Amino acid sequence: MRSLRRRLRPILAVGAVGGAAVLAVPVVLGFLGLIRWVDAAVLVLLGALGGAVALMALLLLLLRRTVKGLSGSVSTAMDTHSRRVAEALGRDRLEAAQSMDGVKERLTHLRDHSLPKLAREVTHAVTVQGRNDYEQQVAWTELREHLDTPTFMPPLRGWAASPDVMRLLVRDIDRRRPGLVVECGSGSSSVWIGYALRRAGAGRLVAIEHDARYAELSRALVASHGLEDVVEIRTAPLTGFETGDGEAGEGPDGGARRWYDTSVLADLEDIDLLFVDGPPEATGSQARYPAVPVLLPRCAEDAVIVLDDASRPDERALGDRWLAENPGLRRTEEAAEKGAHVFTRA
C-alpha cells in the first residue's frame, strides 16, 4: 500500500495541473467572447469528465500492477514458507523415524535378551526359595516330632538358625550325648538345643550373649519352657580378646578385634559341641573368627564345631583361617539354607 501511494502522488499532481489547464481554456475563450458561455460550460464539463475517466483508467492500471506484484510476493513467501515447513517436517519425520528405530532395537533386545534372562532369574529364585521353604518345613516337622516339643515353640529362620541347621545339631546330640554344649549367641536355638539335651538325658548348654537386654529375653524364653536346669544364658559384652597363647587378637585388616568377654568362659572345659552363631555380622569383619582361637583349647578331642551362615563370604574366609592356623582341623560342608560347615579334629 505504501508503494501504491508513492506512485499516485506525482501522477495526481500532474493530472491536477493538466486538468486545471484544460478546464481553463474554455473559460478563457468564453471570457474573450470567442465562444458562447454555454459552449464553454459544456467544454469544461466534458474536459472534467474526460480527465476523471483518464484518471480512473490510470488508477486501475496501477492497481492491477500493484495487485500482481503483491500476488507474486505472496506466492514467493508462500513458496518459501512451504519449503521451510516441508524441510522442518522432513527433519521431524527423520528424527521420529530414527527414534522409532532406536525404540524398536531396544524392544527387540528386551524381547530377545533381557526378558528371557529376567524370566530365568525369577524362575530360579522362585525355585530356590520354594525348595528352601519345603526343606525347612520338612526339617521343622521332623524336629517337632522327634523332640516331642510343646505346640508353641520359638520360631526358626531369619535371625535365628534355620531348621536344617538345628536338625544337624540335634542329630549330633542324639548320636554323641555331649556333656557340654556351648553356643555363641542365644535365642530360639537355645530352647531347641535344650529340648534335645533333655531328650538325650544328659548334658547342658551354655549360651553366650553380648547384648544384655537380649540375654534377658533369652532367659525368659528358656524359663517359659522350663529348661533352666539344662540351659544357661551368660552375658558377655564384646571386648578385646586374647588367643589361647595370650596374644592379642587382630582383625583381617590388622586392627583390634572385639569378641565376647572371655572371663565368663573360665569354667568351661571339655566342650563337646560348639555352635558358632554369633556375634552378629554387623559387629565387625569376620566377627566370629575368635571362637576357634579362644575355645578350641577348651574343647574335647572329639569335639564338633558347627559354623552357621557359612554361605557368607566372611564365614567362608574365617573358616579358611581356622584350617590354616590349625592343621589338625578338617571341614565338612553340609547342605543348609544359610550354609553350615562342620569342623572336627582329623
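Me: Why are helices H3 and H4 called roughly parallel to each other?
Reply: Helix H3 (residues 163-176) and helix H4 (residues 188-200) pack at an angle of about 25°. Angles under 35 degrees count as roughly parallel, over 145 as roughly antiparallel, 65 to 115 as roughly perpendicular and the rest as oblique. The pair H3 and H4 is therefore roughly parallel. Their axes are 9 Å apart, an axis being a line fitted to C-alpha atoms, for helices over the stretch in contact, with angles running from 0 to 180 degrees between N-to-C directions. Among the residues making this contact are Leu169 and Ile173 of H3 and Trp192 and Ile193 of H4; contact means heavy atoms within 4.5 Å.

Me: What kind of model is this, and how are its residues numbered?
Reply: The model is predicted: local features need pLDDT of at least 70 and side-chain atom pairs count only at pLDDT 80 or more, while totals for chains, interfaces and linings use all residues. Residues are numbered from 1 along each chain as its sequence is written, and side-chain values use heavy atoms, with hydrogens and water left out.

Me: What makes a stretch count as a helix or a strand?
Reply: Both are DSSP runs numbered from the N terminus: helices (H or I) have at least four residues and strands (E) at least two. By this rule the protein chain has seven helices and nine strands.

Me: How do you know that strands E6 and E7 pair?
Reply: Two strands pair if DSSP finds at least two bridges between them. Strand E6 (residues 271-276) and strand E7 (residues 299-308) have five bridges, in the parallel sense, so they meet the definition. The bridge partner of Leu273 is Val304 in E7.

Me: Why do strands E3 and E8 count as edges of the sheet?
Reply: The open sheet has seven strands in the order E3-E2-E1-E6-E7-E9-E8, with mixed pairing. Strand E3 (231-235) and strand E8 (329-334) each have a single partner strand, so one side of each is left without a neighbour in the sheet. The twist averages 20° from one strand to the next.

Me: Why is Ala220 called partly exposed?
Reply: Ala220 belongs to helix H5 and has a relative accessible area of 46%. Buried means under 20%, exposed over 50%, and partly exposed in between (1.4 Å probe, protein chains only). The value of 46% therefore makes Ala220 partly exposed. Of the 346 residues of the protein chain, 34% count as buried.
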